Each structure stands twice: as C-alpha cells, then as structure tokens.
Amino acid sequence: MTAAPQPETLAAFEAAKGFMPTGEGLALYAAAAEAGRLGLPLLEVGTYCGRSTLLLADAARAADVTALTVDHHRGSEEQQPGWDYHDPETVDPELGLMDTLPAFRRTLHRAGLEDHVVALVGRSPQVARVWRTPLGLVFVDGGHTDEHATADYEGWAPHVADGGLLVIHDVFPDPADEFTGQAPYRIYLRALASGAFTEVSATDSLRVLRRTGAGS
Ligand SMILES: C[S@@+](CC[C@H](N)C(=O)[O-])C[C@H]1O[C@@H](n2cnc3c(N)ncnc32)[C@H](O)[C@@H]1O
C-alpha cells in the first residue's frame, strides 16, 4: 500500500499557499516515507510558504527523522512583483521585499509540525557548501533558472545517501508544457546521465530518482 500523509496534514497542504498539485504532493509524500526508512534527514530546497514542507514534515515525524528546508525567503525570479507568480501578500511592507518566512512559520505551526522541521534560511549554494551530513532524500524545488537549478543539483545531489532519493519538481520534457523554463528537466537528464541515479517514478512534473551508484 502506498504511504499517505495524515488527513489533517493533507488538508493543511491543500489549504497552504504554494504551487504543488495534490497528485504530486502525494507522490512526494510516498517518496519521503520510503526514504525515511534510511533513518537520515530529508531535505527540501525551496520552502516558499511551506506547502510541500508539510508533507516532508509528516513523513519525517512518522520515520522519527528531521525534515530540513532551505530558502532565502526572498522569492524566485517569477515570484517577484510584476511576474505571473507574484502574490502581494508575501511582501514585507516595511522593506518592500518578499518575505515568505512568516507565512511558512504560520503554516507549520497551525499544522502542529514545527517540531519536525529545521528551517535553513539562506542561499542554497551557500548552505550546501557547509553541509556534511548524508541525506535520505533531497527534494529540488528552488530557483528555476539554469544557474539556480544547476547549483542546487551540484550542491545537494552529492549528499544523497546510497539508496536515498533525489526528487525534482517541474520537470517538463516538452517546452510547450513548461511555465518557468526547462532547467529542472536539464538537471533531471544530468542526474540520469551521471549513472549515479535511476528513475523510480514520474507523477506529472515530479520525478523520483534513487541513488544506485557513486558520483553525481
Ligand atoms: C517554487 S518555490 C517553492 C515552492 C514550494 N516547494 C511549494 O511546494 O510550495 C521556489 C522557492 O525557492 C526559493 N529560492 C529560489 N532560489 C533560491 C536560492 N538560490 N536559494 C534559496 N532559495 C531559493 C524562492 O525564494 C522560493 O520560495
């Protein structure tokens, strides 16, 4: 039977601000539940307001591991004012800059999942540079430019433990389907070409790969 989040977590996920459809969320949860069996932390790149983090937190709680989530909370390019994915409610009125950290904290607190998550506030490559712990799962859902997606892959894929999972969101093989560019598709191809990762499942734009070899 496929692992599923607690009903109250799923309801919180569906009510939270964010971009992940329910079908992909359930696939992410199933991957996190499986990876949790390794007894290692689960890490997300791209917290935004905590929608997908809720699912990693629920899986982390069930497996008695910790979920980690990395974001500078200033938004990606396509979330800035004037762009299609901008939400004016995410702007700090004092600074006039996006700040999704308060919404993230509210989301997690209301779902009762704060104790299972460590938020790493900073730029993904900078956090990755000081990271030394093997990870059961890395979920890449950060910046969608080639610069950011490549840095996320190079910074975090090496930390996926043997048998651990690399999950990539917004993989669109057909340019006609993509909304924010094909950089996630390119890192997905790179992971497969490395010989270190093997595809486990595809659910809409969510790809789950398992580390089956060394390198990245
Ligand atoms: C697509 S959103 C994440 C959506 C979230 N996973 C969800 O399901 O709702 C991408 C997030 O990545 C963050 N981000 C983009 N580039 C980043 C970088 N280089 N370092 C840290 N965070 C980054 C943005 O601030 C934004 O919150």
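In which loop does D64 lie? In this predicted model, D64 is placed in the loop that runs between α3 and β2. Although D64 is not a glycine, its phi is positive, at about 60 degrees. D64 has 9 C-beta neighbours inside 10 Å and therefore counts as exposed, since the cut-off for an exposed residue is 12 or fewer.

Helix α3, spanning 51-63, and strand β2, spanning 67-71, each contribute at least two residues to the shell around the ligand. There are 22 residues around the ligand, and those that come nearest are G18, G46, S52, S124 and G143. By class, the shell holds 13 polar residues, five charged and four nonpolar.

T53 has 32 C-beta neighbours inside 10 Å and so counts as buried, the cut-off for a buried residue being 20 or more. Which residues does T53 contact, leaving aside its neighbours within four places in sequence? They are E44, T47, A67, T69, L108 and V117. The C-alpha atom of T53 is separated by 17 Å from that of D99, a residue 46 places away along the chain.

One of the contacts of T53 is V117, which belongs to strand β5, residues 117-121. V117 counts as buried because it has 23 C-beta neighbours inside 10 Å. Apart from neighbours within four places in sequence, V117 is in contact with T53, A57, A67, T69 and L108. Between V117 and L38, which are 79 residues apart in sequence, the C-alpha to C-alpha distance is 17 Å.

The packing of the helices comes next. Two packed helices are described by the angle between their axes and by the distance between those axes. For helix α2, residues 22-36, and α3, the axes come within 9 Å and cross at roughly 30 degrees. Helices α2 and α3 are therefore roughly parallel to each other, as angles under 35 degrees are counted in that way. Their crossing is right-handed. On the side of α2, the contact is made by G25, L28, Y29, A32, A33 and G36, and on the side of α3 by S52, L55, L56, D58, A59, A60, A62 and A63. In this contact of α2 with α3, ten residues are nonpolar, three are polar and one is charged. S52, listed in this contact, is also among the residues that come nearest to the ligand.

Helix α3 packs with helix α1, residues 7-15, as well; here the angle is about 165 degrees and the axes are 8 Å apart. That angle makes α1 roughly antiparallel to α3, because angles over 145 degrees are counted as such. The crossing of α1 and α3 is left-handed. From α1, residues T9, A12 and F13 meet R51, L54, L55 and D58 of α3. The contact of α1 with α3 is made up, by class, of four nonpolar residues, two charged and one polar.

Another part of the model is organised around helix α6, residues 146-156, in which H148, A149, A151, D152, Y153, G155 and W156 are buried. What covers these buried residues of α6? The covering elements include β1 (42-45), α5 (124-129), β6 (135-140) and α7 (183-193). Helix α7 packs with α6 so that their axes come within 9 Å, crossing at roughly 30 degrees, and the crossing is right-handed. The residues that make the contact are D146, A149, T150 and Y153 of α6 together with A183, P184, R186, I187, R190 and A191 of α7. Six of the residues in the contact of α6 with α7 are nonpolar, one is polar and three are charged.

D204 counts as partly exposed because it has 15 C-beta neighbours inside 10 Å, whereas D64 counts as exposed.

Notes
Residues are numbered from 1 along each chain as its sequence is written. This is a predicted model: local features need pLDDT of at least 70, side-chain atom pairs count only at pLDDT 80 or more; totals for chains, interfaces and linings use all residues. A residue is near a molecule or strand if its C-beta atom, placed from the backbone, lies within 6 Å of it. Helices (H or I, at least four residues) and strands (E, at least two) are DSSP runs, numbered from the N terminus. Ala, Val, Leu, Ile, Met, Phe, Trp, Tyr, Cys and Pro count as nonpolar, Asp, Glu, Lys and Arg as charged, and the others, Gly among them, as polar. Axes are lines fitted to C-alpha atoms, for helices over the stretch in contact, and angles run from 0 to 180 degrees between N-to-C directions. Angles under 35 degrees count as roughly parallel, over 145 as roughly antiparallel, 65 to 115 as roughly perpendicular and the rest as oblique. A crossing is left-handed if the near helix is turned anticlockwise from the far one by less than a right angle, and right-handed if clockwise. Two residues are in contact if their C-beta atoms, placed from the backbone, lie within 7 Å.
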